[in-house]
Amino acid sequence: MTDGPRRILLSPPHMGGRELEMVREAFDTNWIAPVGPHVDAFEAEIAAKVGTGGAVALSSGTAAIHLAVRLLGIGRGDRVYCSCLTFVASVNPVLHEGAEPVFIDSEPQSWNMSPAALERALDRDSKAGTLPAAVIVVNIYGQSADMAPILELCDAHGVPVIEDAAESLGARYRNHASGTLGRFGVYSFNGNKIITTSGGGALVGADTEALAEARWLAQQARDPAPHYQHSTVGYNYRLSNVLAGIGRAQLGKLDDRVRRRRAIFDRYRQELSGIDGVGWMPEPEWSYSNRWLSVITLDPDRQAIRPAELMYRLDQRDIEARPAWKPMQLQPLFDGAEYFAHEEGRSVSEEIFRTGLCLPSGTGMTADEQGHVIDAIREALD
């Protein structure tokens, strides 16, 4: 008796071959704690890969956002503009520090923060004397936001930018690596990301003094004394040496993984775009997306099947799919939060939520498995 076909998952981890070797090295040298040579090397290799001044390896991308918020001195009474089409982890650190999130809609060209909505918010709050303490821009599904106009607007008002590139490591904006354009950048190495350390993340930036402070805060903010002394609140946020070894092995495969994810997206688009009402996440000319997740859209005026129904039908075929992000302004946690839509009478993020579905995109997915997904989608939509 043989096992049936395996379930096709959305974005499972994909080991590249050297991970066990690097983990064994950590065990052989007894560097098991959240310090060690793999951590130091991983930080240097991340910084070199994306072309920034430095990196701090951390326990999660959320921890990296939290430290960026701390480094900017954001606290109670402050307001922070946040991309609304994202996972809640992009916003929770604002709440951790007692600040208030204000949500900025997406724009249709990239699905990321709308420069038009951002401009209206900044103009209004500048006149009222209530400018935000920072703007957190999120690059969803592996694609950069349109950073040039966003940075121009924020610079004109003296507002720092945190670039949440948790999903977009390996992507580019014009000739810059995604995650390197703001004051601080954030990556995630969660198990479903394009490369993984099991759980982990990194804070990057050009300001190496600020990154040194982040590293200190991530190690419980211990003062330089022979005894245990603490003058400020710190965190247990450092990445372990064992997991950093996995990350080093994975990082060497990043370019291959990006090419593979893009090929997966291209095949979906090529074989399914002829179906009436089917569309895809766009890629502007200034973007090179890592296509972390391939996202299909279903036009409700031209396609009878809705994303939830397609997700159910795929699940019946042992295929995992996931709705597009539910915008933060629709979340119960943020009921009553202020929100700036892309334009009067049009909320782009809510359109994407209603029409989008994320398809299996893992780099370990075989051609036959992707063919099975494509056949299942055709059967459901035709």
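Asparagine 236 is exposed in this predicted model, with a relative accessible area of 57%, where exposed denotes over 50% relative accessible area, buried under 20% and partly exposed the range in between (1.4 Å probe, protein chains only). The residue lies in the loop between H7 and helix H8 (241–251), helices being DSSP runs of H or I with at least four residues and strands runs of E with at least two, numbered from the N terminus. When residues up to four places away in sequence are not counted, asparagine 236 touches Ser59, Ala218 and Gln220, a contact being defined by heavy atoms within 4.5 Å.

The model is a prediction, in which local features need pLDDT of at least 70 and side-chain atom pairs count only at pLDDT 80 or more, whereas totals for chains, interfaces and linings use all residues. Residues are numbered from 1 along each chain as its sequence is written, and side-chain values use heavy atoms, with hydrogens and water left out.

A further exposed loop position is alanine 206, which has 65% relative accessibility and is found between strand S9 (201–205) and helix H7 (208–217). Alanine 206 touches Thr52 and Gly53, again leaving aside residues up to four places away in sequence.

Strand S9 belongs to an open sheet of 8 strands with mixed pairing, in the order S1-S9-S8-S5-S4-S2-S3-S14, two strands being taken as paired if DSSP finds at least two bridges between them. Strand S1 (54–58) and strand S14 (339–340) stand at the edges of this sheet with a single partner strand each, so that one side of each is left without a neighbour in the sheet. S1 and S9 run antiparallel and are joined by 5 bridges, with valine 56 having leucine 203 as its bridge partner in S9. Strand S4 (residues 134–138) and S5, by contrast, pair in the parallel sense over 4 bridges, and valine 137 has glutamate 163 as its bridge partner in S5. Along strand S5 (residues 161–164), Val161 and Glu163 point one way and Ile162 and Asp164 the other, and all are buried.

An open sheet of 4 strands is also present, with antiparallel pairing and the order S10-S12-S15-S13. Its edge strands, each pairing on one side only, are strand S10 (278–280) and strand S13 (322–323). Within this sheet, strand S12 (residues 294–298) and strand S15 (residues 356–359) run antiparallel and are joined by 4 bridges, and threonine 297 stands opposite glycine 356 in S15.

The secondary structure of the protein chain comes to 12 helices and 15 strands. The radius of gyration of the chain is 21 Å, which agrees with the value near 21 Å for a compact globule of 382 residues; it is taken over C-alpha atoms, and the globule rule is 2.2 Å times the number of residues to the power 0.38. Buried residues make up 55% of the 382 residues. Among contacts between residues at least 6 apart in sequence, 72% join residues at least 24 apart.
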